[in-house]
Structure formats: structure tokens, C-alpha cells
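The structure is shown first.

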Amino acid sequence: MPYQGEFANKASHFDIIKNPEVAQFLEDCDYLKPPSEEEGKAINTLFKEPPTSNENNLPERVIAIDGSNYTSNINERLPSTQIGYVKVSSVLIDMAKFRSLRVGRFVDPFRVAELQNNNDLITFTLPSANIRWKGKATVRDSFRAVVDNHLYSTKTQLTQGDPATSLRTTLFHLASRRPRDMRTEDPHRLKIHKCPTCKQGPIEVQDIPGAQYCPNPYCKAEVYPSDCLRLWEEVNEHQSNEAVMSRFMQVVEHLLPIHYIRYLVENSLISLGSLAFFIDRPLAIFGTAAWLHA
Ligand SMILES: [Zn+2]
């Protein structure tokens, strides 16, 4: 009998691979296995020693970006009612100060803590299963509205009160450069591949603060510039939306360096030359928002 709140440990089912039927199944499958010594040597020939770094060529400053996401039930009752919470932080590290942290054999923990004070944390609360925001009809519509609101909000604006420095405007700059039919050649306009309500498209929207609507006269539903990310396609009404939360986090982590670069190009081009970015994840974006990577 389990303790209250105790669930079966999935790891205890590892005996399943000893089952003859499963063993036979695995015999017929291909999957990544540790390489043999021969294979290891072959892989090794693909790599070469990195050049010795010249300290003077290293960037003077580094911006490191990392995110995390959580999904939480607002109570234990059914139906499952969840909200998502995404945090993305960026820290600016001065490399000269960073190199001076080492005192003899040790690193001064107080000075490390001081260095980390130079950070910026953006939090995004998102609707998940069974949560509808400000009278929206569905979780999906709520998610779309909330995402657009977040990306346009002052918390993403590099100059407070100037929406042209918001993450959503950075998204316009990227989306307007998409290839072929989706290109607009104008960073104030972008195309959404289809209306999330009537599924007709593409639809062009502008970088303006007011509400915008689907041009289909039989639809006229509200459309949001950030619908172009297509995150809404994966939103579930009554089930966990962890995959979407993770995708949203990934998108923001990718948008942020471009966001800083856009700001520096417009305001201090010279400082861009001495800056490097670190993102703690693969540079690929998977799923419906994959176009953003290109
Ligand atoms: Zn429509």
C-alpha cells in the first residue's frame, strides 16, 4: 500500500527488458549504443585540437541566457487545472572582472555572487489545462492572448515604455525576413500562416498596440502577431501543456540574444564587437516554431 501522494516508481519496471518478447523486439531495433573501440577511433578522426586562445581576442563581455519552466495544478481536484510558469534569465558577465575572481587556488564566492547581481529575470505566467484568461472562450485562445501580451509588455522592453524595443517587435523583424511567401520586406508587418479560428490564411498583421482581426468577413476573430510562432497549435484544453511551455521557453531563449543584438545595432554598434552570447541548450528549435531558427 503506497503512502499518501506516493506513485509507482517507473524505474522498477526495468525488468521488462528481460522479458523474452521485449528482448526479441530490441534485437530487431536500431538505437544508439556506446561505440566500440574501433568506432571510437573513427569518430575521433573527425575532431581536431582547438587552437590555443589568444586572451586578447576573447570577448570583453558575455551574456548568458537560461530558462526554466514549471507547470502547477492550482488544486488537487478534477478536472486537472494547471498554470504554467516560465522564467528566463540573462546575466551580463564582465570577463575582466571574471578573470580576477580567482584568488590563489580559490574563487571568492562573495565576488561571484556580486557578479551575478548583474542579471535580468523575465517571468511569464501562462494558462494551461482548464484555464481561460479574461473571458476568452478556450484555453488555446487564452494562451495566444497571454503570449502576445507578454511579448509586448514593458518587461521585455529594453527601453521602458517604448514598445519598439519589445520582444514582439524583435519577432516582427525576424518574421518579416522569412523566405518566399511569408516575407513582407517590412519589419512593421508580418504574416501568420493561417487564422487560428477559421484556418484561412496567410494573414498580414502590423506592429501596432491595438487589437487586429481576421479579414475573413465570416470570421473576424482576433489575431495576434505572435500567432506566427504557431505555439497555439499544440495547446490542449484539458491535458498537460508542458510541451508547449517548454517550446515557449525555447523560443524566448532564442529571441533574447537577437533582441539584444537588434538593440545594440540601433544604439551601440561598437559594443557588439566585444560581446559573446551563451545559450544553455541546442540551437535548433523543433516543432511548429522551427522556422524561427533560420
Ligand atoms: Zn479567421
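## Surroundings of Phe248

Phe248 is in contact with Val86, Leu126, Val147 and Leu231, leaving aside residues up to four places away in sequence. The model is a predicted one.

## The largest nonpolar core

The largest nonpolar core is made up of 40 residues. Phe248 is among those with the most contacts inside this core, together with Val86, Leu126, Phe143, Val223 and Val252.

Two or more residues of the core come from each of the strands β1 (61-73), β2 (82-94), β5 (119-127), β6 (189-192) and β7 (203-206), and from each of the helices α5 (139-152), α6 (167-175) and α7 (242-267). Helix α7 contributes the most, with 8 residues.

## Packing of α6 against α7

How do the axes of α6 and α7 cross? They come within 10 Å of each other, at an angle of roughly 90 degrees. Angles of 65 to 115 degrees count as roughly perpendicular, so α6 is roughly perpendicular to α7.

On the α6 side, the contact involves Leu167, Thr170, Leu171, His173 and Leu174; on the α7 side, Leu255, Ile258, His259 and Arg262. Sorted by class, the residues of this contact are 5 nonpolar, 3 polar and 1 charged.

## Model confidence

The mean pLDDT of the protein chain is 89, and 94% of the residues score at least 70.

Key:
Residues are numbered from 1 along each chain as its sequence is written. This is a predicted model: local features need pLDDT of at least 70, side-chain atom pairs count only at pLDDT 80 or more; totals for chains, interfaces and linings use all residues. A nonpolar core is a set of buried Ala, Val, Leu, Ile, Met, Phe, Trp, Tyr and Cys residues joined through C-beta atoms within 7 Å. A residue is buried if 20 or more other C-beta atoms lie within 10 Å of its own, exposed if 12 or fewer, and partly exposed in between; C-beta atoms are placed from the backbone. Helices (H or I, at least four residues) and strands (E, at least two) are DSSP runs, numbered from the N terminus. Two residues are in contact if their C-beta atoms, placed from the backbone, lie within 7 Å. Axes are lines fitted to C-alpha atoms, for helices over the stretch in contact, and angles run from 0 to 180 degrees between N-to-C directions. Angles under 35 degrees count as roughly parallel, over 145 as roughly antiparallel, 65 to 115 as roughly perpendicular and the rest as oblique. Ala, Val, Leu, Ile, Met, Phe, Trp, Tyr, Cys and Pro count as nonpolar, Asp, Glu, Lys and Arg as charged, and the others, Gly among them, as polar. pLDDT is the predictor's confidence in each residue, from 0 to 100.
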